[in-house]
Amino acid sequence: MERWKGRVALVTGASVGIGAAVARALVQHGMKVVGCARNVDKIEKLAAECQSAGYSGTLIPYKCDLSNEEEILSMFSAIRTLHQGVDVCINNAGLAHAESLLTGRTEGWRNMIEVNVLALSICTREAYQSMKERQVDDGHIININSMGGHRTVPSADEHFYCATKYAVTALTEGLRQELREAKSHIRTTSISPGIVETEFAFRHHNSDPEKAAAAYESIKCLKAEDIASAVTYVLSAPPHVQIGDVQMRPVEQVS
């Protein structure tokens with residue numbers, strides 16, 4: 001990770017869970033991390049904690065609604081003005097609504113597509129353009145995917161969410177092919193966790209907190225820090241090594 005010291009990383013959805021853990025880890029390794037979310041109060045608190053801990057990097061909170069393209073473009077413009085540009089893009093933000101295929105609300109489907117697919121694609125495009133215009137040829141784009149992007153779980157509440165994550169799997173491979181065709185050495189990686197104990201299930205099942213809690217109590221789940229460790233592992237690989245797909249799940253997870 002030594003070569004990333006002082007360089008700029010964008011982490012989307014950095015207020016809680018995996019995003020917060022990744023932001024903290026990168027700051028520990030000396031990176032300048034722009035952490036974005038719709039509400040930055042928790043990112044500001046995390047930034048203060050990182051500073052108090054004496055980490056060599058810095059965390060810069062940025063308020064951004066990823067379902068709004070204009071806000072994403074404004075964020076990249078601000079990063080360009082204040083920090084030159086993005087060297088690492090961690091597309092972490094994602095959400096799930098319990099909307100089945102047979103009875104789900106279009107609004108819920110649309111929101112999942114906007115955040116899980118379109119925002120990820122827009123951030124990827126803008127990060128690449130940022131790297132290209134500065135002739136950065138060793139950047140890295142990491143998509144926090146899901147095991148739901150590789151198999152469809154037997155739960156109607158998850159089916160549309162899984163479809164968006166299958167899209168992330170395809171987008172990551174498509175990006176790798178386009179970067180190769182462009183003769184770029186920018187790397188791209190998909191990290192697909194199984195069940196991780198975060199606020200995700202409580203947001204997903206916001207009307208049934210007992211169901212959310214039961215999901216985390218059934219087995220020993222992954223922790224957000226486990227995913228952050230995978231991110232630093234991927235970033236620390238030698239520049240000629242492409243780690244395309246990391247799948248990780250709890251030992252006890254069945255599917």
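At roughly what angle do the axes of helix α3 and helix α4 cross? This is a predicted model, in which local features need pLDDT of at least 70 and side-chain atom pairs count only at pLDDT 80 or more, while totals for chains, interfaces and linings use all residues. Residues are numbered from 1 along each chain as its sequence is written, and side-chain values use heavy atoms, without hydrogens and water.

**View 1. Crossing of helices α3 and α4.** The axes of α3 (residues 69-83) and α4 (residues 106-133) cross at roughly 25° and come within 10 Å. Axes are lines fitted to C-alpha atoms, for helices over the stretch in contact, with angles from 0 to 180 degrees between N-to-C directions. Helices (H or I, at least four residues) and strands (E, at least two) are DSSP runs, numbered from the N terminus. The two helices are therefore roughly parallel (angles under 35 degrees).

**View 2. Residues between α3 and α4.** Contact (heavy atoms within 4.5 Å) involves Glu69, Ile72, Leu73, Phe76 and Arg80 of α3, and residues of α4 including Ala119, Ile122 and Glu126.

**View 3. The largest nonpolar core.** Such a core is a set of buried Ala, Val, Leu, Ile, Met, Phe, Trp, Tyr and Cys residues joined through side-chain atoms within 4.5 Å; buried means under 20% relative accessible area, with a 1.4 Å probe and protein chains only. This core has 40 residues, and Leu26, Val33, Ile90, Ile191 and Val231 have the most contacts inside it. Helix α1 gives the most to this core, with eight residues.

**View 4. Surroundings of Leu26.** Leaving aside neighbours within four places in sequence, Leu26 is in contact with residues including Met1, Val33, Ile90 and Val231.

Notes. Angles under 35 degrees count as roughly parallel, over 145 as roughly antiparallel, 65 to 115 as roughly perpendicular and the rest as oblique. Buried means under 20% relative accessible area, exposed over 50%, partly exposed in between (1.4 Å probe, protein chains only).
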